[in-house]
Amino acid sequence: MTWIVFDYGGVLSLPQPESDAEAMALAVGAEPESFKRGYWEHRLDFDRASLSPHAYWSAVLGRPAAQREVARLVAMDVASWAYPNRGTVTLLGELLESGRDVALLSNAPVCVGDGLDQLPWISAIGRRFYSGRMGLVKPDREIYDELARGLGADPAEIVFIDDRPENVEGARRAGMTGVPFTDADTLRAALR
């Protein structure tokens, strides 16, 4: 048995649009460039669940975030990652329809994972692993080990697809087949 495990952002979804990041900043009266810097500077801690949504957004803003701001930013953040990569989503559907064992492993905070689970192309994946729920992040070795345990699979039975080279390399160090993602057609050929 071989598990095909997809990353989410940049693989199943398109990258977050600059316009969405700017809209988040403007929605809370923040300067867009400093907002984007803070967004990424603190993101792995948020993905790991080391920061609550309130603590994360306060760090991004450089001031205490109001609860209504946090709720709005969480909703806008989820929406900013909800643009499907049509080619990859089509390939995912083909794999699921043919009965292949497919899973998801994404660096995503709990609140974002909860939102992504509502998307039809994600809810179709039976086994979904989000870093926030695991308290671990890619590319750290422990998240791949936990993925293998969660799937009840030997690492050698897992093909892991990600657009970030360090995450592909992390999977390889854990004994998995790491496949760098560039586009759906290249991935389809690689999975044959």
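**A. I122 touches Y8, L12, L104, L116, D117, R128 and Y130, leaving aside residues up to four places away in sequence.** Contact here means heavy atoms within 4.5 Å. The model is predicted, so local features need a pLDDT of at least 70 and side-chain atom pairs count only at pLDDT 80 or more, while totals for chains, interfaces and linings use all residues. Residues are numbered from 1 along each chain as its sequence is written, and side-chain values use heavy atoms, with hydrogens and water left out. I122 belongs to the largest nonpolar core, which has 42 residues; those touching the most other members are F6, Y8, L12, F35, W57, I122 and I161. Such a core is a set of buried Ala, Val, Leu, Ile, Met, Phe, Trp, Tyr and Cys residues joined through side-chain atoms within 4.5 Å. Buried means under 20% relative accessible area, exposed over 50%, and partly exposed in between, using a 1.4 Å probe and protein chains only. A separate second core holds 16 residues, including A103, L147, L151 and M176.

Helix α6 spans residues 86–97 and has its buried residues at T88, V89, L91, L92 and L95. These five cover an arc of only 160° around the axis, which places them on the same side of α6; the arc is that of the directions from the helix axis to the C-beta atoms. Turned away from that buried side is a face with the exposed residues R86 and E97. What do the buried residues of α6 pack against? Their partners are β1 (3–6), β2 (101–106), α8 (120–123) and α12 (184–191). Helices (H or I, at least four residues) and strands (E, at least two) are DSSP runs, numbered from the N terminus. The twelve residues of α6 reach 16 Å from first C-alpha to last, close to the 16 Å expected at 1.5 Å a residue; the expected span is 1.5 Å times one less than the number of residues. After α6 comes G99, with a positive phi near 85°.

**C. V89, found in helix α6, counts as buried at 17% relative accessibility.** Look for its contacts with L12, P84 and W121, again not counting residues up to four places away in sequence. The C-alpha atoms of V89 and I122 are separated by 9.1 Å, although the two residues are 33 apart along the chain.

**D. F35, Y39, W40, F46, Y56, W57 and W81 form one aromatic cluster.** The whole structure contains nine aromatic pairs. Rings of Phe, Tyr and Trp (its six-membered ring) pair if their centres lie within 6.5 Å; planes under 30 degrees apart count as stacked, over 60 as edge-to-face and the rest as tilted. With ring centres 6.4 Å apart and planes at 35°, F35 and Y39 make a tilted pair. Both lie in helix α2 (residues 32–41), four residues apart, about one turn of the helix. An α-helix has 3.6 residues a turn, so residues three or four places apart point the same way. F35 and Y39 are both buried. F35 and W57, by contrast, are stacked, since their ring centres are 6.0 Å apart and their planes at 20°. This pair links distant parts of the chain, joining F35 in α2 to W57 in helix α4 (residues 53–61), 22 residues apart.

**E. Helix α5 (residues 67–80) has 14 residues and reaches 20 Å from its first C-alpha to its last, close to the expected 20 Å.** Buried along α5 are E69, V70, L73, V74, D77, V78 and S80. Seen down the axis, they fall within an arc of 160°, so they line one face of the helix. They pack against α1 (18–27), α2, α3 (43–47), α4 and α7 (110–116).

D162 sits in strand β4 (residues 158–162) and, at 0% relative accessibility, counts as buried. Its side chain reaches the backbone nitrogen of R164 at 2.8 Å. Beyond four places in sequence, D162 touches D7, V11, K138, N167, V168, V179, P180 and F181.

**G. Two backbone spots deserve a glance: the K138 to P139 peptide bond, which is cis, and A49, whose phi is positive.** Most residues other than glycine have a negative phi, and most peptide bonds are trans. Omega of the cis bond is near 10°, and P139 is in the loop between α9 (131–134) and α10 (141–151). A49 has a phi near 70° and lies in the loop between α3 and α4. Is A49 buried or partly exposed? With a relative accessible area of 42%, A49 is partly exposed.

Key:
A polar contact is a pair of N or O atoms within 3.5 Å; within protein, one must be able to donate a hydrogen and the other to accept it, and residues adjacent in sequence count only if both atoms are side-chain atoms.
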